[in-house]
Amino acid sequence: MAGSFSHTPALLSETLEYLAPFPHGSFVDGTLGGGGHAAEILERSAPDGILIGLDRDPDALHAARERLAGYGERLRTVQASFRDLTRVLEQLDQTRVDGVLLDLGVSSPQLDRRERGFSFAHTDAPLDMRMDRDNGETAADLLARLSSAELARTFREYGDLRGSRRLAAAIVDARRSSPLRTVGDLVAVIEAAGVGRGRKHNPATLVFQALRIAVNDELEALGEGLEAAIDALRPGRCVVVLAYHSLEDRIVKNHLRDAARRCTCPPETPVCVCAGVRRVELLTRRPVRPTPEEVRANPRARSARLRAARRLPEAV
Ligand SMILES: C[S@@+](CC[C@H](N)C(=O)[O-])C[C@H]1O[C@@H](n2cnc3c(N)ncnc32)[C@H](O)[C@@H]1O
């Protein structure tokens, strides 16, 4: 299993530079995935550093546990969303940590395994797209349940798809004769609706991205996860986030920028009511991108954007 669950970590040396793992430290990898970043954090925090690894996907956790078995008790894994980090840390009696990593999105094995339904290349795959396959609605469920207006909003807001309303209407029309069950069913409707032609991205890429975000409630989880990560950090320690599309990256940028401001009241508020304190210092004004060499070696890293922030002492 571990051998077949292989994911090359993106921006690995840059991530380690900001996280700066050290012996005795306790770190969180909120997106354990194939355990690539985790292995290096464990190496560099030897002999007694701790890594708490979260993932929503039980397959990923299983593979990461196998791969990282040699680190014994130093690795603690929990099947959970990083949006629940505060609760997870409380349950582990670990309220503050020395670094948090969130490497967003899906891993290579999730994309490559046809039965997960994440890739539009696997036309006979079921339309699942859940990271946690034991819970929640599948993409097929959403395509069957959402109204035309809700589908259009999903494709527009999460995929920036030109022709969102046309595609939503085509889906509603198609499902009247038979439900959309497979990736191929959806791809056929996208092609017939003729949406997003002539744009940089294949329209199916945008539609699949939008559905995946909706199925997994990814953007809400990201906002909550960032908040929980900042809360969990000891002063002087860092949160590092790797985003893979502009929607995610905008949320990370805005959230960290707000946490780095003293006052977060809306501009029209005459007097500050938030009693705001700066909680972090931004370490990356612009996102760090992979080098051309990294992209050549690992094409899936090409869209990665890293942002990092350092927790300030409470009273700043
Ligand atoms: C890009 S991969 C991480 C790869 C990992 N850094 C490595 O080096 O192998 C993203 C992983 O995060 C998980 N994931 C995505 N959103 C999550 C969330 N809200 N909470 C926990 N895990 C999540 C996915 O299931 C996937 O395994």
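**The ligand and its surroundings**

Modeller: A nitrogen atom of the ligand lies 2.7 Å from a side-chain N or O atom of D103. The backbone also takes part: a polar backbone atom of F82 is 2.9 Å from a ligand nitrogen, and a polar backbone atom of R56 is 3.3 Å from a ligand nitrogen. The protein buries 98% of the 610 Å² that the ligand exposes when taken alone (Shrake-Rupley method, 1.4 Å probe). The model is predicted, with local features needing pLDDT of at least 70 and side-chain atom pairs pLDDT 80 or more, while totals for chains, interfaces and linings use all residues. Residues are numbered from 1 along each chain as its sequence is written, and side-chain values use heavy atoms, without hydrogens or water.

In total, 23 residues surround the ligand (a heavy atom within 4 Å). H37, D55, F82, D103 and Q110 are the closest. By class, this shell holds 7 nonpolar, 12 polar and 4 charged residues.

R116 meets D59 at 3.6 Å, N to O. Because R116 lies in the loop between α5 and α6 and D59 in helix α3, this pair ties together parts 57 residues apart in sequence. R133 also forms a salt bridge with D59, at 2.7 Å between the closest N and O atoms. That pair links the loop between α5 and α6 to helix α3, 74 residues apart.

Terms used:
Polar contact = N/O pair within 3.5 Å; in protein donor to acceptor, adjacent residues only side chain to side chain. Nonpolar A, V, L, I, M, F, W, Y, C, P; charged D, E, K, R; others polar. Salt bridge = Lys/Arg side-chain N within 4 Å of Asp/Glu carboxyl O. Helix = DSSP H or I, 4+ residues; strand = E, 2+ residues; numbered from the N terminus.
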